[in-house]
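Please look over the sequence and the model first.

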Amino acid sequence: RNIDMSLVLNAASRYADIISLEQLNEYKQNIIGCGAIGSQVVLMLSKMGATSMILWDFDSVDATNIGVQGFPFDHIGIPKVNSLLRTIDYFGAVSTNHKAINDKFSSAKYDEEERLQIAFMCLDSMKYRNTISKSLARNPKTKLIVDARMSAEVLHVFSYTPDKQASYEKTLFSQDEMYQERCTAKSTLYTASLAASLMISSYKYWLVNESQPTNYYDHITWD
């Protein structure tokens with residue numbers, strides 16, 4: 001559905017001098033992985049006035065997702081990307097130009113897009129993070145990559161341009177080296193929401209060509 005643009009401008013008026021709708025939508029945003037962090041990124045960008053997101057996820061909503069991800073109970077069994085499109089259409093979508101891809105990330109499909117792109121990597125797997133980041137960095141359409149990693153109460157966010165891929169790869173490690181949380185202590189909504197907020201903040205600072213503050217950004221942990 002389409003919403004009157006005057007309402008959109010009014011909704012965005014509280015941060016119009018921080019980032020304009022034109023700046024926010026200069027690039028197409030890819031959210032790769034729509035779980036705990038990715039679903040929050042989608043909801044926040046939608047509220048801010050994003051008009052053309054591409055949502056990537058092969059999974060469907062189940063009951064264990066409800067407490068830590070951006071899905072309602074009545075969407076259980078629905079593909080996560082479709083659930084999010086329904087939700088943002090309800091409370092925040094500027095237009096229906098968003099795209100839901102109920103599949104794993106595909107470099108071929110990514111390359112079909114004509115516009116320059118931003119990639120938010122919100123993945124569980126270090127293996128896929130390594131593979132996908134390399135694919136993104138090689139593609140000349142990619143302008144910025146933002147990666148977030150979290151466990152229940154620890155998060156890391158990395159934001160970089162493709163020419164810094166080699167430095168980024170030094171932060172990667174094998175899946176076996178990942179800290180294994182107990183099944184009942186794997187994820188929290190507040191950590192996921194904070195990670196998503198920092199990802200979007202990083203995107204904003206890059207868009208307006210300002211330095212990212214480091215006092216709250218580099219490594220935030222709770223002991």
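How many residues does helix 6 have, and how far does helix 6 reach from its first C-alpha to its last? Helix 6 (residues 126-138) has 13 residues and reaches 18 Å. That is close to the 18 Å expected at 1.5 Å a residue; the expected span is 1.5 Å times one less than the number of residues. Helices (H or I, at least four residues) and strands (E, at least two) are DSSP runs, numbered from the N terminus.

This is a predicted model: local features need pLDDT of at least 70, side-chain atom pairs count only at pLDDT 80 or more, and totals for chains, interfaces and linings use all residues. Residues are numbered from 1 along each chain as its sequence is written, and side-chain values use heavy atoms, with hydrogens and water left out.

**Helix 6**

In helix 6, M126, R129, I132, S133, S135, L136 and A137 are buried. Buried means under 20% relative accessible area, exposed over 50%, partly exposed in between (1.4 Å probe, protein chains only). The partners of these buried residues include strand 1 (28-32), helix 5 (107-112) and strand 5 (142-150). S125 caps the N-terminal end of helix 6. Its side-chain oxygen lies 3.2 Å from the backbone nitrogen of K127.

**Q29**

Q29 sits in strand 1. Q29 is buried, because its relative accessible area is 0%. The Q29 side chain reaches the backbone oxygen of L24 at 2.8 Å. Leaving out residues up to four places away in sequence, Q29 touches several residues, among them L45, F120 and Y203. Contact means heavy atoms within 4.5 Å.

**Cysteines**

A search of the whole structure finds 0 disulfides. A disulfide is a pair of cysteine sulfur atoms within 2.5 Å.

**Whole chain**

The protein chain has 8 helices and 7 strands. Of its 223 residues, 51% are buried. Among contacts between residues at least 6 apart in sequence, 69% join residues at least 24 apart.

The mean pLDDT of the chain is 85, and 83% of its residues reach 70 or more. Here pLDDT is the predictor's confidence in each residue, from 0 to 100. Over residues 216-223 the pLDDT is below 50. Beyond near neighbours in sequence, this stretch has 21 contacts in the model. Where pLDDT is low, the predicted coordinates should not be read in detail.

Note on methods:
A polar contact is a pair of N or O atoms within 3.5 Å; within protein, one must be able to donate a hydrogen and the other to accept it, and residues adjacent in sequence count only if both atoms are side-chain atoms.
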